[in-house]
Amino acid sequence: MSEKQVRVRFAPSPTGHLHVGNARAAILNYLFAKHHNGTMILRIEDTDAQRSTEESIQTIVEDLNWLGLKWEEGPLKGGKFGPYKQSERYEIYRNYADKLLEKGLAYRCFCSEEEIEKEREKAEQQGIPYKYSGKCGKISKEKIDENIAKGLSFVVRFKVGSQIISFKDLIMEEVSFQSETIGDFVIIRSDGSPIYNFCCVIDDNLMEISHVIRGDGHLANTPKQILIYKAFGWEIPNFAHTPMILDENRKKLSKRKGATSVDEFKNEGYLPHALINFLSLLSWSSPSGDEILSIERLIKEFDFSRMNKSGAVFDPVKLNWMNGVYIKELDSVKYFELLKPYLTKFEGVSEEILKKVTILFKPSLQRFSEISDEIEFFFADLTKIEFSEEMQEILKLETTKNVLETFTKLASNETIWSFDSIKELIKNVGKQTNVKGKNLFMPLRIAITKKLHGPELPAICEIFGKDKTILLAKEVLTNL
RNA sequence: GGUGCCUUCGUCUAGUGGUCAGGACUCAGGGUUUUCAUCCCUGCAACAGGGGUUCAAUUCCCCUAGGCACUGCCA
């Protein structure tokens with residue numbers, strides 16, 4: 001595979017947002033292309049006029065851009081093998097279908113949908129696997145002309161014949177099918193529009209695709225496609241069918257439980273790099289065993305030989321962890337810039353304060369969308385917040401009263417109010433009350449922040465300011 | 001039903017004809033932080049089952065079970 005120029009394509013159908021399964025296919029295509037210094041193509045498979053939308057193409061392109069995946073040829077972008085939208089290539093497909101018709105490798109089928117449906121039901125009742133009978137393949141030429149003259153509508157079916165189709169998949173290895181189980185399938189609809197399996201082959205050939213990398217849902221389509229390649233006498237590309245991404249029940253990852261489309265991850269505050277890293281680690285692993293991998297390393301190390309054949313469960317908990325790792329690595333300028341969109345709730349607050357407050361959460365944040373809830377207590381009226389049972393337990397400690405009293409007393413005498421001075425202050429409270437560790441810090445933390453955990457206490461007090469800090473401590477004291 | 005693919009800790013995975021079956025996430029415990037979190041360390045936890053082949057099988061072969069996908073005038 002090295003002599004030949006590597007050309008791969010990502011070919012989504014624009015029927016909604018970019019799903020993580022498709023995103024992974026895009027990522028793998030990208031990594032493979034870059035690894036081999038090849039070319040990546042974006043092709044829009046919009047032959048389903050009912051479901052395809054222009055907006056969807058937009059969002060898919062946006063999502064791909066957000067991920068940072070780049071392609072050399074595609075709609076909008078152009079390239080010498082265009083157009084890259086299948087809906088703009090119908091003439092091409094019809095021409096190739098005509099060639100097949102001429103060669104007798106395909107035929108017009110005049111059966112109505114109702115007729116087919118009846119046959120299908122009958123087969124099902126009898127427990128026999130259904131496949132098209134092929135009866136229209138035997139109609140005489142005169143009859144065909146007569147039918148056409150009568151204006152009867154027809155589909156074009158590919159004549160499958162009988163043979164064993166086997167191919168070597170880069171991931172699944174040797175795979176073979178008996179063509180008899182397939183049945184003559186439709187390549188052109190009655191309205192003249194072409195069907196996926198047909199367009200896909202025509203385009204992959206015309207666009208000189210060297211490697212077809214796609215989800216293993218397409219594995220069963222591959223023999224049909226190979227038959228078409230053979231019918232035209234075309235070279236068959238390499239196939240790599242990637243195992244699917246499953247949900248926690250080991251079912252095809254679908255909506256309903258959590259996020260499944262790239263834009264949802266984007267909105268929840270995941271970093272594109274984290275998503276790519278995480279997705280690339282499903283069914284694949286680095287030879288080094290490392291898990292946090294830069295894009296450069298992924299490109300360098302990616303290879304189908306290290307890919308499993310089994311599906312992988314998408315574990316959002318691990319993704320969150322990984323995203324947290326990448327957030328920690330961000331420098332503070334970039335961190336704040338990416339966080340800004342999640343701060344709309346705090347419009348009236350100065351950027352300076354927001355920067356100070358949000359930076360405290362950089363080590364613990366897993367998703368940007370969490371920031372709002374985390375920092376809210378800085379701007380809320382904390383005197384109105386109730387204590388949870390766990391908090392009350394801690395406040396009930398014998399030492400609590402003394403700690404809070406000493407704290408407010410010493411705090412009132414402070415002249416400077418800085419992180420260091422507050423730290424020192426708490427140290428002194430410990431000395432004077434002879435309380436330390438948890439029993440010293442937790443009552444203060446709870447009284448002042450109304451939370452069981454958060455950033456370093458002195459840092460919070462500093463931002464609150466002296467007056468507010470003392471006020472909050474006192475307020476709790478009076479109710480003790 | 002038919003066809004195809006798959007099966008190592010809960011999850012993602014490494015790995016080999018002889019290994020204490022390794023790592024990561026989660027969880028638990030400990031250490032640092034005079035607190036929580038971060039961070040560090042330790043621990044829990046797996047070769048689907050049954051037959052072969054072999055001196056030896058998690059690894060090779062077969063069967064069973066289970067899972068998933070496809071089975072459209074969807075892609």
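## Helix packing and confidence

Helix α16 passes helix α17 in a right-handed crossing (the near helix is turned clockwise from the far one by less than a right angle). The residues of this contact divide into seven nonpolar, five polar and one charged; Ala, Val, Leu, Ile, Met, Phe, Trp, Tyr, Cys and Pro count as nonpolar, Asp, Glu, Lys and Arg as charged, and the others, Gly among them, as polar. Among the α16 residues that meet α17 are V403, F407 and L410, where contact means heavy atoms within 4.5 Å.

The model is predicted, with local features needing pLDDT of at least 70 and side-chain atom pairs counting only at pLDDT 80 or more, whereas totals for chains, interfaces and linings use all residues. Residues are numbered from 1 along each chain as its sequence is written, chains are lettered from A and ligands numbered from 1 in written order, and side-chain values use heavy atoms, without hydrogens and water.

| Helix pair | Axes come within | Crossing angle |
|---|---|---|
| α16 (residues 400-413) and α17 (residues 419-433) | 9 Å | roughly 130 degrees |
| α17 and α18 (residues 438-449) | 10 Å | roughly 125 degrees |

In α17, I426, V429 and G430 meet L440, F441 and L444 of α18.

Chain A has a mean pLDDT of 91, with 99% of its residues at 70 or more; pLDDT is the predictor's confidence in each residue, from 0 to 100.

How values were computed: Axes are lines fitted to C-alpha atoms, for helices over the stretch in contact, and angles run from 0 to 180 degrees between N-to-C directions. Helices (H or I, at least four residues) and strands (E, at least two) are DSSP runs, numbered from the N terminus.
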